[in-house]
Structures are given as C-alpha cells and as structure tokens.
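Ready for a few exercises on pockets, a cavity and a sheet? Have a go at each task before reading its solution.

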Amino acid sequence: MLSNHHVKYVIGLRCKECGSDYPIAPQHVCELCFGPLEVFYDYDAIAAEVSRETIAEGPQTLWRYGTLLPKPSEGVIDIGAGWGKLRPAPRLAAELGLRKLWLKSEAGNPTHSFKDRVVTVALSVARSFGYRVAACASTGNLANAVAAHAAASGMESVVFIPHDLEAGKVAGTVVYGGKVLAVRGSYDEVNRLCAELVAETEDWAFVNVNLRPFYSEGSKTVGFEIAEQLGWRAPDVVVAPVASGSLLTKVAKGFREFQRTGLIDSADVTIHGAQAAGCSPVANAFAAGAEDVQPVKPNTVAKSLAIGDPADGYYVLKEVRENGGRVVAVPEEDVVAGIRLLARTEGLFTETAGGVTVSALESLVREGAIGPDDETVILITGIGLKTLEALGPQEPTALIDADVEAAQAIVTGGVSQ
C-alpha cells in the first residue's frame, strides 16, 4: 500500500463531514458518518517549497502542480493531460455584451476531455497501490480516458457504460483494446453496479468509486491553470457544467489552495453551475432553496451530464451559495443552440456539455448574474466530434457540378466580395 513517505505533502484522507482522519488508502467513505473522504495536505510545507517559478519550470502537463497533488514518488502515468489552452473569446463576448471572456478548452487532452485530468492522478495512485486493472462507471468521456491511460501504462481496463451512449464515445473507448461493458439502464444504474463490484474485485481500481478521493483531485488543476494562465490571479467568474458536481467544487478548491500557499492573492471567484433541463437535480434544488438534492431520471441530449443522483450535488449547492453563484438549467433545445453559437463565433466545436455551459452563460448574462465588466471563464470540457448525434443529420449547403458559374451562383449571395 502507498504510504505517507511516498507522497511527500499528503497527510492523509479527511472526512468532509465529521473531520475524521484516515491514512492514505483506497477508501472513499468515512466509517463513522459515511461522509466523503478528501485528500488532505501539509499546506505549510508546500508553501515553503512551491513558487510560481518552480511551477513554471515543470512539465507542460498538470503534473507541474505535483506538490499539490497526491503524486507518487515513481510510476506516474503522464500521457499529456492538462495544461489546456485558455483562449480569449472576443466574438462570443461581443455577442453577449461582455468585455472580457475566456474559454478554458479541454480539447487538447489525450482523449479530448477534462476526464484525462482525473484519470492520470487516479491511476498513478492506483498503480502505487498495486492494482492491475483500471475500471470505472462512465457516461463516455471517463471511459475514453481510463482505457487510454490503462493502455499506455500496461494495465488492463474494464469500463462500464450506459447502453445508449453516443457512438463516438463508444468507439473512442473500444479502440484502446480493453473491455467495454454496456449496461442496460442509466448512468446511475451503471454506477450502482460498479459500487457493488468494488467489494467483489480486489485488484480492480474503480477510479470514481474506491479511488474517488484521489481521482477528484485532478479536477482542481483546471483552477490552477486558469490562475497561472491569467498571470497568477483568479478571474471574477467561472461557469462550469455540473454532472456529479466534483468539477465545480474542485475548481473552487484549486483557487483556494493557490491562495493558501501564496501563489495568488485572492480566491474570490463567483462560480456558476450549468445543467440541462432534462437532468437538472442540482439546479432544481438551488431554485427551490433546498439543501439536499433529490434524484431525477435523466432524459437529456447532454449524456455526459446525465447523472440523476449526483454524488457532490450537496457540495455544489454549498459552494455556489457561499460564493454568490447560481446553478441554472437550460432548456433542452438550447443545448444544440449553445454548440452552434460557440462554433459560429469562436470556431470551437464543443460536445453537448459545452453547449449547456454556453447557453447557461447566455442566460446568466441576460439575468444580470454576470455583469458586462466581470472577467469570466467558461469551461469547455470536451469536443463535439464525440456527440455528433446531438446535431441531427447534417447536409452540405448545396450539391453542384465542378463548374465555376455553379459555385458563384451559390456563394455570391452570402459571401462578401
């Protein structure tokens, strides 16, 4: 088993509810109150050693932040996750009436979604624990990432997905040669199956079940990168898609950890969550003023966000309420509209989760929750080639002969000369 000696700055695991402490182990639930466990660090020791300069000298991946991650002393599986682009979005900003808008795009990751971040951390730790099989419950992107990282490290992989997943995500998992099991039912049923399998498969590392405390730490590197790429400061606003809710809460944690270790001056960021109306349990709870999230049965085109019983929904509500944010649900018809709006204005083709985020941004601006002078970052967590089905049949503008006059006849009415 991994020990504190091998993870220099990690003290252990700590329950987010009762504060009970546990050693570093593949455990995700508190034995006393059944609250979730989280990796806990020696921040004073980190602050004494880490600096903007030492981070800048690190690799062009998320492991540049290794002092703030549960990084094993050896055997890290690094195939290039993280250090994604933060690019300005002036045309989208102008259309929405914003002065400064940024896109944090995860398209450049090895399997083209932010899930590569959580998997590189989880499987690096898993291999230190001695696990030989990488496993997960997934709505698609996580399956891609687990299969790819397992293949690169020589581990076997077994991933579980809902039976009606998009073809692009299925193909993007099968290609790596591991086992892909489609389960009749929703993601929540897939997740329940995997939770039961944990007790029956000692040598399987379910990254988002028994390895969840380590897995979720990968998400906070999105916050780290935003701050570093903005010149070591936090933005005013972040808009994040919400599935399990872990991404939103960990990005907030990332800003706070940078402040706590002296890397940025302030972590005062308003974070908004985005869900599609067909699966919006957290947005429903926010609108009702409730503290607990009531599960729903997903029925949404945004399959990567189709988690009806989100594990971190309670903590999303707590986070956004403390920082002045909101969780909004966008109508299903606006998901594809958001995809098209981002593509048309910024030349970036996002999957359905990004369409939800863009449409939520539009709604938040319209309602005055985001002001024109708020420096805003939206998280674009995957590429559109994975979710082509959402767009429906696509046809060329016209079918013409190889003839100059035919081409001119089509384009002269819509192209400036």
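**Exercise 1.** How do the residues of the lining of the largest cavity divide into nonpolar, polar and charged?

*Solution.* Keep in mind that you're looking at a predicted model. Start with the list: the lining of the largest cavity is made up of K104, E106, F114, V222, L247, L379, I380 and T381. Next, sort them by class. Lys and Glu count as charged, and that lining has two charged residues. Phe, Val, Leu and Ile count as nonpolar, and the lining has five nonpolar residues. That leaves one polar residue. As for volume, the largest cavity comes to about 30 Å³, and the count of cavities of 30 Å³ or more is one.

**Exercise 2.** Find the order of the six strands in the open sheet, and say which strands sit at its edges.

*Solution.* Walk across the sheet and you get β4-β5-β13-β10-β11-β12, with mixed pairing. Now look for strands that pair on one side only: these are β4 (86-88) and β12 (327-330), the edge strands. On average, neighbouring strands of this sheet are turned by 25° against each other, direction ignored.

β4 and β5 (residues 101-105) run antiparallel and are joined by three bridges. To pick out a bridge pair, take P88, whose partner in β5 is W102. Then look at what packs on the sheet: helix α9 (residues 220-229) touches β4, β5 and β13 (376-380). The direction of α9 makes about 135° with that of β5.

**Exercise 3.** Describe the largest pocket: what is its volume, and which element gives the most to its lining?

*Solution.* The volume is about 950 Å³. Of the 49 lining residues, N208, R212, S244, A311 and D312 lie nearest the centre of this pocket. Elements that each supply at least two lining residues include β3 (37-41), α4 (115-129) and α5 (141-153). The top contributor is α7, with five residues. By class, you'll find 24 nonpolar, 15 polar and 10 charged residues in the lining.

**Exercise 4.** Now do likewise for the second largest pocket: what is its volume, and how do its lining residues divide by class?

*Solution.* This pocket has a volume of about 510 Å³. It's lined by 19 residues, and K16, E38, K253, R256 and E319 are the closest to its centre. Sorting the lining by class gives six nonpolar, one polar and 12 charged residues.

Terms used
Residues numbered from 1 in each chain as written. Predicted model: local features only at pLDDT ≥ 70, side-chain atom pairs only at ≥ 80, totals over all residues. Heavy atoms only, no water. 1 Å grid on protein atoms, 1.4 Å probe; cavity = no way out; pocket = protein on both sides within 12 Å on 5 of 7 lines; lining within 4 Å. Points joined across faces, edges and corners; volume = space filled by probe spheres on them. Pairing = 2+ DSSP bridges. Helix = DSSP H or I, 4+ residues; strand = E, 2+ residues; numbered from the N terminus. Axes fitted to C-alpha atoms, helices over the stretch in contact; angles between N-to-C directions. Contact = heavy atoms within 4.5 Å.
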